[in-house]
Amino acid sequence: MRLRIFLEPQQGATYEDQLAVAKATEALGFDALFRSDHYLHMGDHVTGLPGPTDAWITLAGLARETSRIRLGTLMTAATFRHPGPLAIAVAQVDRMSGGRVEFGFGAGWFEDEHSAYGIPFPLTARERFDRYEEQLDIITGLWATEPGDTFRYEGKHYRLSEGPALPKPQQSPRPPVLIGGTGLRRTPRLAATFADEYNVPFASVEETSAAFDRTRQAVAAAERERPMAYSAAQVLCVGRDEAQVAERAGRIGREVDELRRNGLAGTPDELVDKIGRFAEIGAECMYLQVLDMADLDHLELVAAKVAPQLD
């Protein structure tokens, strides 16, 4: 079981805050650092100050200031960027990192952040997913185009004319593509078509298992040969004792009992047990959502008391 640290910087974090967590993530032996891709904070318990940081600009900086950990997004929003420039940015960050980037990509959903920053937001979920599917086609197609060849695409929403399909990522044939969510039909099909990893965020073990099964069925129907990795994301709140668990829950505006039901909360042994339940349904990787970036002792506790029991 690989453990990855997952940040939500839109809730209120500077680049320096994220860098400190990235360096701790690397020093403590975690597999990767991922971050969300949002421009507006969520919930009333935070102000979002000093304001959002762009996901791929941040990852470019972290690529040059780390040397081992994988770096990626859960999930880059298709509504935020045009597919051609996004393919260029991800390929460039992959080269800047020495081939350590993973590309989590979603359709986009948070309408308020679009209106707050003047980003067009498709009115229907169908259009968002139509655009998202075309972007997946384009980005993976650009990366797959042989050097010296050009890429052409004629879709309903996007058209590319004889693009040079450059630069190429350092990883070959491309950075791993992650698709997530619990959609019943289209999400499993898109994951089976495009993804190297399928992720289920913030769901129960039972809901995660059902989502994994739907995607496994889609993978079988697609008759794809390359394997699919399966992962889950859960909020983290672990303490050495009940008092520390309660203290950490309070700092992120959550209740301990609710976190025990809906996340990875409790003592290190409780976390090991629940992560084991995710492993039993096929999860190979857990993304630990860390909401208090100043609490690096939180990461140290997981590295010292949880990770060794998962080997």
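A crossing of two helices is right-handed if the near helix is turned clockwise from the far one by less than a right angle. The views below come from a predicted model.

**View 1. Helices α1 and α2 cross in a right-handed way.** Two packed helices are described by the angle between their axes and the distance between the axes. For α1 and α2, the angle is about 45° and the axes lie 10 Å apart. Tyr15, Gln18, Leu19, Ala22 and Lys23 come from α1. They meet Thr58, Gly61, Leu62 and Glu65 of α2.

**View 2. Strand β2 points side chains both ways.** In a regular strand the side chains alternate between the two faces of the sheet. In β2, residues 32-35, Ala32 and Phe34 point one way. Leu33 and Arg35 point the other way. All four are buried.

**View 3. Strand β2 pairs with β1.** Four bridges join β1 (residues 2-7) to β2, and the two run parallel. Ile5 stands opposite Leu33. From β1, the chain crosses through helix α1 (residues 15-27) to β2, and this β-α-β crossover is right-handed.

**View 4. Strand β2 also pairs with β3.** Four bridges join β2 to β3 (residues 70-73), again in parallel. Arg35 stands opposite Thr73. Here the chain passes from β2 through helix α2 (residues 55-65) to β3, in a right-handed β-α-β crossover.

**View 5. Helix α6 has buried residues.** Within α6 (residues 186-194), the buried residues are Thr187, Pro188, Leu190, Ala191, Ala192 and Phe194. They pack against α5, β8, β9 and α7.

Notes:
Residues are numbered from 1 along each chain as its sequence is written. This is a predicted model: local features need pLDDT of at least 70, side-chain atom pairs count only at pLDDT 80 or more; totals for chains, interfaces and linings use all residues. Side-chain values use heavy atoms; hydrogens and water are left out. Buried means under 20% relative accessible area, exposed over 50%, partly exposed in between (1.4 Å probe, protein chains only). Two strands pair if DSSP finds at least two bridges between them. A crossover is right-handed if, with the strands pointing away from the viewer, the path from the first strand over the helix to the second runs clockwise. Contact means heavy atoms within 4.5 Å. Axes are lines fitted to C-alpha atoms, for helices over the stretch in contact, and angles run from 0 to 180 degrees between N-to-C directions.
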